[in-house]
Amino acid sequence: MTHTARRIGRSLALVLPVVLVLSGTLAVSAVPWAGQDSTTQLTASSTDVSVRAKSRAPQDILRDQLLAELQEKDPGTALTHLQREVENRPSLADHCMSIARALGRAAVKHYGPSRAQSFSRPVCDTAYATGVMRAS
C-alpha cells in the first residue's frame, strides 16, 4: 500500500504544478482588463515583446507643447515660451529655427497669413516669419 500511495504522490507532484500554471494562465488571459473594451481579451504575442518604446527627443516634446499652446492661446505666447526654453536649455538652440518655422506654419493654418504675421517676434533669427511666409 505504501508503494501505491508513493506512486500516486509522485504523479500528482509532477502533474499538479503543470495544471495549476495552465489554468492560471488561461484565467488571466480571459479577464477583461480595466480601461479596455469588455469584448477584448488579453493575448500574448511574441512580436510585441521585442519592440522597444521609442524615446522622444527634447526638441520634439517642446515643439508639440508649443504647437498645442499656439492652438490654446496665441503664437506670441508660444514664441515667448520658445525663447525662454532656449535660454534655459542652450542645447535646444540648434533646433530653435525649425521649431519657430513649425509654429509659423501652424499659425497660418489657424489664424491666416496676415494675422499670423502680426505675432512675429525676433525669436531664432525671424524663423517664425519664414514659416509664415512659406505656409502662405
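**Salt bridges in a predicted model**

Modeller: In this predicted model, Arg63 and Asp60 lie three residues apart in helix 3 (residues 58–72), which means that about one helical turn separates them.

Biologist: What makes the contact between Arg63 and Asp60 a salt bridge?

Modeller: The closest N and O atoms of Arg63 and Asp60 are 3.1 Å apart. A salt bridge requires a side-chain nitrogen of Lys or Arg within 4 Å of a carboxyl oxygen of Asp or Glu, so the pair qualifies.

Biologist: Why can such side chains pair?

Modeller: Side chains of opposite charge can pair when their charged atoms come close.

Biologist: How many salt bridges does the structure hold?

Modeller: The structure holds three. Among them is the one between the side chains of Arg56 and Asp64, with 2.0 Å from N to O. That value is within 4 Å, and therefore this contact also counts as a salt bridge.

Biologist: Why is Arg56 called partly exposed?

Modeller: Arg56 has a relative accessible area of 46%. Buried means under 20% and exposed over 50%, so Arg56 falls in between. Asp64, at 38%, is partly exposed as well.

Biologist: Why does Arg63 count as partly exposed rather than buried?

Modeller: The relative accessibility of Arg63 is 21%.

Biologist: What makes Arg89 and Glu85 a salt bridge?

Modeller: Their closest N and O atoms are 3.1 Å apart, and because this is within 4 Å, the pair meets the cut-off. Arg89 is partly exposed at 36%, and Glu85 is partly exposed at 25%.

Conventions:
Residues are numbered from 1 along each chain as its sequence is written. This is a predicted model: local features need pLDDT of at least 70, side-chain atom pairs count only at pLDDT 80 or more; totals for chains, interfaces and linings use all residues. Side-chain values use heavy atoms; hydrogens and water are left out. Buried means under 20% relative accessible area, exposed over 50%, partly exposed in between (1.4 Å probe, protein chains only). Helices (H or I, at least four residues) and strands (E, at least two) are DSSP runs, numbered from the N terminus.
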